[in-house]
Amino acid sequence: MSIEHVRTYLKAFGAEGRILEFPVSSATVELAAEAVGVEGARIAKSLSFKVEDKPVIIVTAGDAKIDNGKYKAQFHTKAKMLTHEEAHTLIGHDVGGVCPFALPEDVRVYLDVSLKRFETVFPAAGSDNSAIELTCGELEEYSSHFTAWIDVCKGWNAGG
């Protein structure tokens, strides 16, 4: 998929005009933070996994890391990220532009609570040089096939 596909999807929410496009790559948390001009923690990174042979996306704060124990407790399986090819085929977005928007019907989206400490966050918008600023409420509302808020990360707070 492309940024244009995401733009069309976000039009239903009146948010298509809020997509930011950069002349530089925003494919990593560090690059996205630099392009947007915010701390890396506010970049909402979309990680793609396979659970029971179905793709899922977990959106976390940029400074959060998946905690394998919490992940296994949540999904009853070991964390297995999709390959670049699987992400392209199953999610429809290429790595660097994976986002929770305009997804195939069988892709479930989970938002990690590490995002809730920010008023707004910046997920990608379908390309490796794009983002959109959203509140957590908007992120939940606009995410395709939003399933639940979960707590599967470590390293983002004093207790993590």
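By the ring-pairing rule applied here, this structure, which is a predicted model, has a count of five aromatic pairs. One of them is formed by Phe-75 and Tyr-110, an edge-to-face pair with 5.0 Å from centre to centre and 85 degrees between the planes. That pair links distant parts of the chain, since Phe-75 belongs to helix H3 (residues 68–75) and Tyr-110 to strand S5 (residues 108–112), 35 residues apart.

**Aromatic rings**

- A pair of aromatic rings is described by two quantities, the distance of the centres and the angle of the planes.
- Elsewhere, a charged side chain meets a ring: Lys-116 lies over the face of Trp-149, at 4.5 Å from the ring centre.

**The largest pocket**

- Rolling a probe the size of a water molecule over the atoms shows where empty space is left.
- The largest pocket holds about 380 Å³ of space.
- Its lining is made up of 23 residues, and those that lie nearest the centre of the largest pocket are Ala-27, Lys-45, Ser-46, Val-95 and Gly-96.
- Two or more residues of the lining come from each of these elements: helix H2 (29–36), strand S2, strand S6 (120–123) and strand S7 (130–132).
- Strand S2 gives the most to the lining of the largest pocket, contributing six residues.

**Helix H1**

- Helix H1 covers residues 3–11, and within this helix Ile-3, Val-6 and Leu-10 are buried.
- Seen down the axis of H1, these buried residues fall within an arc of 60 degrees, and therefore they line one face of the helix.
- Thr-8 and Lys-11 are exposed, and they are carried by the face of H1 that is turned away from its buried side.
- The buried residues of H1 pack against strand S1 (19–21), strand S7 and helix H5 (136–142), and S7 is also among the elements that line the largest pocket.

**Helix H4**

- In helix H4, which runs over residues 84–91, the residues Glu-86, Ala-87 and Ile-91 are buried.
- When H4 is seen down its axis, the buried residues fall within an arc of 100 degrees, so they line one face of the helix.
- His-84, Glu-85 and Thr-89 are exposed residues on the face of H4 turned away from its buried side.
- The cover over the buried residues of H4 includes strand S2 (43–51) and strand S3 (54–61), and S2 is also the strand that gives the most to the lining of the largest pocket.
- After H4 comes Gly-92, a residue whose phi is positive, near 95 degrees.

**Residues with positive phi other than glycine**

- Glu-52, although not a glycine, has a positive phi, near 50 degrees.
- Glu-52 is found in the loop between S2 and S3, and this residue is exposed, with a relative accessible area of 70%.
- His-76 is not a glycine either, yet its phi is positive, at about 60 degrees.
- His-76 is placed in the loop between H3 and H4, where it is exposed, with a relative accessible area of 68%.

- Gly-40 lies in the loop between H2 and S2, and it is partly exposed, with a relative accessible area of 24%.
- The C-alpha atoms of Gly-40 and Gly-62 are separated by 5.4 Å, while along the chain the two glycines are 22 residues apart.
- Leaving out residues up to four places away in sequence, Gly-40 touches Val-29, Ala-33, Gly-62 and Asp-63.
- Thr-135 has its place in strand S8 (residues 134–135), and this residue is partly exposed, with a relative accessible area of 31%.
- Between Thr-135 and Phe-22 the separation is 113 residues in sequence and 21 Å in space, C-alpha to C-alpha.

Technical notes:
Residues are numbered from 1 along each chain as its sequence is written. This is a predicted model: local features need pLDDT of at least 70, side-chain atom pairs count only at pLDDT 80 or more; totals for chains, interfaces and linings use all residues. Side-chain values use heavy atoms; hydrogens and water are left out. Buried means under 20% relative accessible area, exposed over 50%, partly exposed in between (1.4 Å probe, protein chains only). Helices (H or I, at least four residues) and strands (E, at least two) are DSSP runs, numbered from the N terminus. The arc is that of the directions from the helix axis to the C-beta atoms. Contact means heavy atoms within 4.5 Å. Rings of Phe, Tyr and Trp (its six-membered ring) pair if their centres lie within 6.5 Å; planes under 30 degrees apart count as stacked, over 60 as edge-to-face and the rest as tilted. A charge sits over a ring if NZ of Lys or CZ of Arg is within 6 Å of the ring centre and within 35 degrees of the ring normal. On a 1 Å grid over the protein atoms alone, a cavity is a set of points where a 1.4 Å probe fits but cannot get out, and a pocket is an open set with protein on both sides within 12 Å along at least five of seven lines; lining residues have an atom within 4 Å of a point. Grid points are joined across faces, edges and corners, and a volume is the space filled by probe spheres set on the points.
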